[in-house]
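Good morning, colleagues. Please look at the sequence and the structure as I bring them up, and I shall then take you through them.

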Amino acid sequence: MQWSRNKYIYLMLLPVVVYYVVFMYLPMYGLQIAFKDFSPAKGIWGSAWVGFDHFKSFYESYYFWRLIRNTLLISLYELVFGFPAPVILALLLNEIRSRYFKNIVQSITYLPHFISVVVVSGMMIDFLSSDGIINQLTGLFGIQPLSFLILPEWFRSVYVSSGIWQGVGWGSIIYLAAISGIDPSLYEAAKSDGAGRFRQIWHITVPGIMPTIMIMLILRFGTLMAGGSMEKILLLYNSTTYETADVISTFVYRRGLLQMDYGFSAAIGLFNNILNFILLVAANKFSRKINNTSLW
């Protein structure tokens, strides 16, 4: 009875289910190459089993701790500086009373989201080159020009700040939607009690959007070991910045596709995904215990 009553809803759901089955679940069959000395000529079944040799080799390699450190640091920088940025922007936009000015600010902050990663990376390379606009501006104050993208100590700052610029406006949309769902009578009651705008934000707006913040934070923890956008890092880094820029995903790309060591790269990718899964479950459990907000 329920099927016949909701059959059109189930039909709408079907393309999504097919997408996940075809592109997310069926490829899991290939995870076994992480435990094999995989050869494309022999195929998955014909390749010899090596057990945990790939995982052991990765753990004992020179790159292991450097990759873990770089991946965690880039993700933590994004978490500390990038995650609060859309929340703060949403709170500020909510306080703007002029609709015309608010629309202008929103349009300006949303636009970078629609610029492709390739274009953004090209802009960063041009702006931060030794004769780029940044060095031209700092040169007016007598500061010596720097080639930012070949200096390892500058890579994380460039990567995270450009990511904030590109995503802060788009990320604020979900928080603005959450703010719009707060009961206006709460603000009226606060005004009658003499609360100023800052106190209204702190005691009404922030608690009102806290469940949304926690859900987004849990999802962010689930990608903590991703180390940011692999495509963007590949476009921005070079051999001189591997010390601070090389993360697990970029190492997997170089080892798996460029050096064609498929089994070893699959093992690293599986190791990384397991860590992400553990972090996601732990963050969800912690959030549920602290404020009863969780994904499941």
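Let me begin with a definition: a residue is called buried under 20% relative accessible area, exposed over 50%, and partly exposed in between, with a 1.4 Å probe and protein chains only. What we have here is a predicted model, in which local features need pLDDT of at least 70 and side-chain atom pairs count only at pLDDT 80 or more, while totals for chains, interfaces and linings use all residues. Residues are numbered from 1 along each chain as its sequence is written, and side-chain values use heavy atoms, with hydrogens and water left out.

I turn to the chain as a whole. The protein chain holds 16 helices and two strands; helices (H or I, at least four residues) and strands (E, at least two) are DSSP runs, numbered from the N terminus. Its C-alpha trace spans about 75 × 75 × 35 Å along the principal axes. Of its 296 residues, 34% count as buried. A contact means heavy atoms within 4.5 Å. Among the contacts in the protein chain between residues at least 6 apart in sequence, 66% join residues at least 24 apart.

Next, helix 10. How does its span compare with expectation, at 1.5 Å a residue? The expected span is 1.5 Å times one less than the number of residues. For the 29 residues of helix 10, residues 152–180, that should give 42 Å, and the end C-alpha atoms are 43 Å apart, which agrees. Helix 10 also bends by about 50° at Gly 167, the bend being the angle between axes fitted to the seven residues ending there and the seven starting there.

Is Thr 240 buried or partly exposed? Thr 240 counts as partly exposed because its relative accessibility is 42%. It sits in the loop between helix 13 (230–236) and helix 14 (242–245). Not counting residues up to four places away in sequence, Thr 240 touches Ile 150 and Pro 152. From Thr 240 to Pro 152 the C-alpha distance is 6.9 Å, across 88 residues of sequence.

Finally, consider Ile 33, in the loop between helix 2 (7–25) and strand 1 (36–37). With 13% relative accessibility, Ile 33 counts as buried. Leaving aside neighbours within four places in sequence, Ile 33 is in contact with Phe 38, Ile 44, His 54, Tyr 262, Gly 263 and Ala 266. Ala 266 is 233 residues from Ile 33 in sequence, yet their C-alpha atoms are 6.7 Å apart.
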